[in-house]
Amino acid sequence: MSILQFIKENNLAWQPSFNGEIGNDLVGYRGALIVEEGKQLSPDRILPPKVQAKQVLLVSNDDTVTFFAAELESILHFEAFFERYKAFFTPATLVVLYVTDLDKNGTFTYEGVTIHAYSLAESSVWNELLDLSGLDKSELKKLDNKKKIDVLYEGLLKTDCAAKAMSYEEILSHKGTSSKKIMGAV
């Protein structure tokens, strides 16, 4: 089963903006993914998810995820996230997480999968990935959604995404308070 089938069959998609083929036998997804469902109020009414991976960008072949990036509100949500989606990750999967309550960036291995974890202060995952890959945002604006995902994915494959090597326990010790700044009208 592909991750997109898994997401669909388990109703894990949350506000997707793209879900489909991007070319070269790869599929992409952009949106949020449910980690922990919201409370079921009635047969046809459910509260928003308690925990979600936000701003998800993933690329997958038939059975494994080749690239996954998302925002987690807390590093404490990592284990629940990983447990839910780990069947689709391999040691070759490029995983980049932006965590709002992480005080230090670090790269750690969890159940054989390398995770690059970065603090997310005020930007979006998309913009952070563009910076990480060195791609120019203005050039991507002209492309359609699937081509944007493909170009970013290809750019990240050529990028060293590693931060300081740490254990998962060390990463947990760098949990701070949420550092994300909400920008908008004052």
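**Exposure, salt bridges and the sheet**

Q: What is the relative accessible area of K86?
A: K86 has a relative accessible area of 28% and is partly exposed (buried is under 20%, exposed over 50%, partly exposed in between, with a 1.4 Å probe and protein chains only). This is a predicted model, in which local features need pLDDT of at least 70, side-chain atom pairs count only at pLDDT 80 or more, and totals for chains, interfaces and linings use all residues. Residues are numbered from 1 along each chain as its sequence is written, and side-chain values use heavy atoms, without hydrogens and water.

Q: Which side chain does K86 meet in a salt bridge?
A: K86 meets the side chain of E111, at 3.3 Å from N to O. A salt bridge here is a side-chain nitrogen of Lys or Arg within 4 Å of a carboxyl oxygen of Asp or Glu. E111 lies in the loop between β8 and β9 and K86 in the loop between α2 and β7, so the pair ties together parts that are 25 residues apart in sequence. E111 itself is exposed, with a relative accessible area of 51%.

Q: Which residues are linked with them in a network?
A: The network of salt bridges links E83, K86 and E111.

Q: And how many salt bridges does the structure hold?
A: There are seven salt bridges. One of them joins K175 to D101, with the closest N and O atoms 3.5 Å apart. K175 lies in the segment after α6 (168–173) and D101 in the loop between β7 and β8, so this pair ties together parts 74 residues apart in sequence.

Q: Is D101 buried or exposed?
A: D101 is buried, with a relative accessible area of 4%, whereas K175 is partly exposed at 35%.

Q: Which residue forms a salt bridge with K147?
A: D150 does, the closest N and O atoms being 3.8 Å apart. K147 is partly exposed at 39% relative accessible area, while D150 counts as buried at 9%.

Q: Changing topic, in what order do the strands of the sheet stand?
A: The open sheet has seven strands in the order β1-β2-β5-β6-β7-β9-β8, with mixed pairing. Strands (E, at least two residues) and helices (H or I, at least four) are DSSP runs numbered from the N terminus, and two strands pair if DSSP finds at least two bridges between them.

Q: Which strands stand at the edges?
A: β1 (13–23) and β8 (106–110) do; each has a single partner strand, so one side of each is left without a neighbour in the sheet.

Q: How many bridges join β2 to β5?
A: Eight bridges join β2 (residues 26–36) to β5 (residues 51–60), and the two strands run antiparallel. Within this pair, E36 stands opposite V51 in β5.
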